[in-house]
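Keep the sequence and the 3D view open, and try each task before you read its solution.

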Amino acid sequence: MSRRPSGPNGTCRLRQGSAIPIGMLACIVGLATGCAEVGDYQRPASGIPAQWRQSTPGAEATPVAQIQWRSFFQDQRLQALITSALEHNSDLKMALARVAETRAQYGIANADRLPSASLAANKTKSKIPAAFTGTDRPVTTERTELNLTVVSFELDFWGRIANLSEAARASYLASESASRAMRITLIAEVANLYFTLLELNERIDITRTAIESRRKNRDLVKRGMELGAAARSDYLLAEGAFHFVEAELAVLENQQANTEHALFMLVGNPAIDLPKGRKLHEQEVRNDLAPGIPSEVLYARPDVIAAEHRLREANANVAAARAAFLPKILLTVGIGLASRSLSALFGPGSGNWTYQPALSLPLFDGGRTAGFEAIAEARRNSAVADYEKTIQQAFREVSDLLSTRASLADQRRATEATVKAHQERLTVAEMRFKSGSISYLEVLDAQRELFASQQGAVQVRRAQLSTAAQLYKALGGGDTPEG
């Protein structure tokens, strides 16, 4: 194979009619991409116990990850609120946009692992004046070219580009898992606010009933005072009890309005047409969620998965930073056609090709490359700590919720028994007061105790529902495509 003199930029050109060794080029590219390896990754030890401290349901219980949120939250009004939140919530929209951004960034980084090719066509026509041709006649030249060029493809022997691509992929997967975690959290937050709103509605109903009862008692004591059968102190006690409950109603109505505002901010669509819902005591939320084995549950949580992907990203960036100390080998290869006229462009003997290898080895950069490596190492250490913290927080969250669930079950039984006892006590106290056996102070005490126990019972019921919703989220429920 004879050679012409070197062309521009030190490239070599073969005689027309020579064939470019495409098979050899493909082998080089395949070898380069095949040699690239991503940094070694090992999942850090979590250190979490093998079992939860709290007793767990039987093995026949359905794993939470397999329970759809629509079957877990059966109130149609709540389902409509959650559906609207998943469609309109601004924070979730931003998270999804972040996923799309990191997906595009991964596509860009992954594209660097493959050669980029461009097709260029040009035609050059020039005239040289007679004074410069040596023939006393002007010369007109014409050149037509059609070239397919592979530009600056790096042979990734050390895995620098492969690790950058892996880091971008891990970043994308981390953002995707983070959006899933936000989605589950949003479902639980909407449910929690909805249950809080139902609690306030029932407490307001209880308070309004108490106001009416105290109004009647106040009027009764007032008539007794006018007839001389009751002391003025009893009337003042009845008047104070009446106004106390009125003030409590104002507080509850303000909390109700604030909860509605917070709920519809999460929902993102205040004009939504909602179906009729259930009252607090009518809610049927499962309270037998199976926590499973800690390691299996926690490693499947989206927030833990996101933290691990961030750790993988940091690990790959360290490997890429270390590879930057090694030589870079770049290839520029071109194949095309050239002729003096367009009509002869595809004729015999018009083929040409260019092969331009380049090697660069960093010698001195003032510590810039070492600085990038130190930054990558520090970020990896931070990612390890973040991963360990996420695992620990997840374990504590589930453990706390399991403990709270057991405690609230006992509290509910106790509060329901307390309400029943205070109702009977108030009935007896009112009868004895009417017969003149006791003062109104005892009636007032019975009223206060009943009112407080009724309010407490509603609060415990709401806490049970909220705990179930939070445990559903903590165990990774509601994240399937159908959900």
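**Exercise 1.** Find out what links E199, R203, E248 and R462.

*Solution.* Start with the rule: a salt bridge is a side-chain nitrogen of Lys or Arg within 4 Å of a carboxyl oxygen of Asp or Glu. By this rule, E199, R203, E248 and R462 are linked in a network of salt bridges. The count of salt bridges comes to 22.

A note before you go on: this is a predicted model, where local features need pLDDT of at least 70 and side-chain atom pairs count only at pLDDT 80 or more, while totals for chains, interfaces and linings use all residues. Residues are numbered from 1 along each chain as its sequence is written, and side-chain values use heavy atoms, with hydrogens and water left out.

**Exercise 2.** Describe the pair R43 and E308.

*Solution.* Step one: their side chains meet in a salt bridge, 3.1 Å from N to O. Step two: R43 lies in the loop between α1 (22-35) and α2 (69-72) and E308 in helix α8 (residues 302-323), so the pair ties together parts that are 265 residues apart in sequence; helices here are DSSP runs (H or I, at least four residues; strands are E, at least two), numbered from the N terminus. Step three: E308 is buried at 9% relative accessible area, whereas R43 is partly exposed at 42% (buried means under 20%, exposed over 50%, partly exposed in between, with a 1.4 Å probe and protein chains only).
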